[in-house]
Amino acid sequence: MSGEVQMAPSGSIWKNAVQISAGQFHNGKYATDLMVRWVDGELTLYTYVGAGTFGAENRLLAPNDTWKNATLLTSGNFSGKANWDVLVRWVDGELDTYVATSTAGLGAETRMRDPNDLWKHDLVDGRAY
């Protein structure tokens, strides 16, 4: 690992970021973007993030109660489109994807799983195996 680059100081606005997912949402070649869900339900996309810079900020959603209920946010190229997709697990166990999300907004919503008890209990495990 090379030298640390501090992106934001302790106590900054980033203390209100509750979920962050890296991806490629600007139709570029590399995954240099960050999608952030804030404590108030706002959803922000930062494109061209690099060492020492958050790049360009794009608000995808204003603060709202619906997105406060997102419990897992991740991204990947699930649809094969140029821009990546966002996968969201909601508090009730529902799973949705937002296909080809970009700086223009969330992509088309596709339901993967209806609300269910099983998916309420999934966990993200950061252990190395």
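Modeller: Let me begin with a word we need: a residue is buried if its relative accessible area is under 20%, exposed if it is over 50%, and partly exposed in between (1.4 Å probe, protein chains only). Strands (E, at least two residues) are DSSP runs, numbered from the N terminus. This is a predicted model, in which local features need pLDDT of at least 70 and side-chain atom pairs count only at pLDDT 80 or more, while totals for chains, interfaces and linings use all residues. Residues are numbered from 1 along each chain as its sequence is written, and side-chain values use heavy atoms, leaving out hydrogens and water.

Our part is strand S2. With 6 of its 6 residues buried, S2 is largely enclosed by the rest of the structure. Asp33, Met35 and Arg37 are buried on one side, and Leu34, Val36 and Trp38 are buried on the other, so both faces of S2 are covered.

Now look at the neighbours of S2. Two strands pair if DSSP finds at least two bridges between them. Strand S1 (residues 17-23) is joined to S2 by 6 bridges, and the two run antiparallel; here Ala22 stands opposite Leu34. S2 and S3 also run antiparallel, joined by 4 bridges, with Val36 opposite Thr44 of S3. These two strands, S2 and S3, form a hairpin with 4 residues between them, and Gly41 in that turn has a positive phi of about 90°.

Let us zoom in on Arg37, which sits in S2 (residues 33-38). Arg37 is buried but has no salt bridge, meaning a side-chain nitrogen of Lys or Arg within 4 Å of a carboxyl oxygen of Asp or Glu. For charge, Lys and Arg count as positive and Asp and Glu as negative, with His and the chain ends not counted. The nearest side chain of opposite charge to Arg37 is Asp40, 7.5 Å away. What does the side chain of Arg37 reach at 3.1 Å? It is the backbone oxygen of Trp67. Contact means heavy atoms within 4.5 Å. Leaving aside residues up to four places away in sequence, Arg37 touches several residues, among them Asn16, Val18, Glu42, Leu43, Trp67 and Leu73.

How values were computed
Polar contact = N/O pair within 3.5 Å; in protein donor to acceptor, adjacent residues only side chain to side chain.
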